[in-house]
Amino acid sequence: MLLLSGPNMAGNELKYVTECITTGWVSSVGAYVDQFEKMSAEFAGTKYAVATSSGTTALHICLVMMGVNNEDYVITPNITFIATCNSIKYTGANPIFIDTDVDSWQMDLNLLEEFLTNETEQRNGVCHLKKDGKRIPVIMPVHVLGNMCDMDRLLALAKQHNLTVIEDSTEALGSYYKGKHAGSFGLMGTFSYNGNKIITTGGGGMIVTYDEALAKRAKHLTTQAKSDPFEYMHDAIGYNYRLVNVAAAMGVAQMEQLPGFIKRKYEIINFYKTELQGVGDIKFQQVSDDVKPNWWMPTIFTTKQKEVLKALNDNKMQSRPFWVPMNQLPMFTNDIYYNHTDRSNFVYQNCLSIPCSTYITDADLKAVSDKIKECY
Ligand SMILES: *Cc1c(COP(=O)(O)O)cnc(C)c1O
């Protein structure tokens with residue numbers, strides 16, 4: 001089976017993990033956790049980074065620190081991976097979904113602006129939904145597939161409406177907007193190291209921020225909020241959301257290879273574009289000139305989505321449909337979905353992601369391309 005986006009462990013992973021095991025430093029603290037955090041902050045261009053057990057828990061802690069609760073809403077795109085919305089629901093808040101842009105597959109900022117203008121109002125410097133008077137303290141944009149929206153406009157809208165920006169940049173490690181790294185635009189940003197992400201620690205995540213107090217608070221809350229170095233004194237309801245040293249050791253080895261991984265992702269997308277552009281009605285994700293994406297997961301748009309998915313998977317070339325739009329999931333059918341023509345469904349019905357592991361050979365890329373072409 002040709003994996004969609006498999007882990008590439010060709011660097012120092014084994015060496016660093018072995019060192020953890022032979023020294024016994026496998027668990028909650030250790031030099032690799034510190035090093036991984038330092039490397040991540042440096043790479044993202046933020047001052048601080050706090051490692052977490054997953055991207056989902058990173059997002060959850062960000063919302064907890066903003067005091068988001070069951071009286072609140074959080075704005076997010078309707079096309080995202082479920083983890084974004086789960087993190088919102090963990091706080092008791094409800095998501096407000098904004099429909100997607102049909103070309104970039106990011107949150108549609110025209111719709112966002114229209115929603116904020118028509119449906120919300122300011123009360124004492126806090127955004128509220130007019131309909132029921134509940135607070136909307138946070139917007140959580142998602143850099144879908146490592147692409148990014150017009151961040152200048154998003155930040156301006158957020159500022160105008162007093163929304164704190166927490167970036168779900170879990171897919172965007174190595175993506176830039178006007179030369180600035182994803183995750184460094186909001187008050188906080190997040191990364192994920194799940195197995196199919198651009199780097200992996202098996203599972204893991206990171207919060208990045210410029211704010212020292214928030215970074216300290218995040219470390220505190222993710223490590224059970226222990227307030228005394230000796231006594232088991234705790235000053236808040238904390239979480240066991242820390243990343244273990246043995247996973248961080250993998251993370252350090254992966255970070256060493258990240259530039260090479262991104263280079264290979266570019267070769268992969270360029271290969272596919274050369275082979276498939278103009279074949280049938282195949283289109284690729286549209287990326288603005290301001291964005292340098294990481295091309296984490298090459299995805300094509302075609303009305304023959306079902307045929308192509310079947311042809312590839314039947315031939316052991318793992319490919320997958322886009323996520324089911326959030327408004328179509330049973331937990332969210334009663335939540336607000338702001339749209340005109342439900343483009344989320346249109347994008348969902350026609351998109352599929354194709355094999356893009358960094359270790360894939362050009363011969364395999366050619367074989368996948370040929371298999372796709374046979375469908376037309
Ligand atoms: C991967 C991902 C996450 C976080 O996932 P974890 O598996 O918890 O690390 C969150 N949001 C999006 C959009 C993702 O793709």
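Student: In which helix does Asp-370 lie?
Tutor: This is a predicted model, where local features need pLDDT of at least 70, side-chain atom pairs count only at pLDDT 80 or more, and totals for chains, interfaces and linings use all residues. Residues are numbered from 1 along each chain as its sequence is written, and side-chain values use heavy atoms, with hydrogens and water left out. Helices (H or I, at least four residues) and strands (E, at least two) are DSSP runs, numbered from the N terminus. Asp-370 sits within residues 362-373, which form helix H11.

Student: Why does Asp-370 count as partly exposed?
Tutor: Buried means under 20% relative accessible area and exposed over 50%, with partly exposed in between (1.4 Å probe, protein chains only). Asp-370 counts as partly exposed because its relative accessibility is 29%.

Student: How far apart in space are Asp-370 and Leu-276?
Tutor: In sequence, 94 residues separate Asp-370 and Leu-276. In space, C-alpha to C-alpha, the two are apart by 8.9 Å.

Student: Is Gln-285 buried or exposed?
Tutor: Gln-285 is in the loop between strand S12 (283-284) and strand S13 (291-292). Its relative accessibility is 5%, so Gln-285 counts as buried.

Student: Which backbone oxygen does the side chain of Gln-285 reach at 3.0 Å?
Tutor: A polar contact is a pair of N or O atoms within 3.5 Å; within protein, one must be able to donate a hydrogen and the other to accept it, and residues adjacent in sequence count only if both atoms are side-chain atoms. At 3.3 Å, the Gln-285 side chain reaches the backbone oxygen of Val-144. At 3.0 Å, it reaches that of Ser-104.

Student: How many charged residues are in the lining of the largest cavity?
Tutor: Ala, Val, Leu, Ile, Met, Phe, Trp, Tyr, Cys and Pro count as nonpolar, Asp, Glu, Lys and Arg as charged, and the others, Gly among them, as polar. Lining residues have an atom within 4 Å of a point on a 1 Å grid over the protein atoms alone, and a cavity is a set of points where a 1.4 Å probe fits but cannot get out. The lining includes Lys-197 and Lys-265. By class, it has four nonpolar residues, six polar and, as charged, two.

Note on methods: On a 1 Å grid over the protein atoms alone, a cavity is a set of points where a 1.4 Å probe fits but cannot get out, and a pocket is an open set with protein on both sides within 12 Å along at least five of seven lines; lining residues have an atom within 4 Å of a point.
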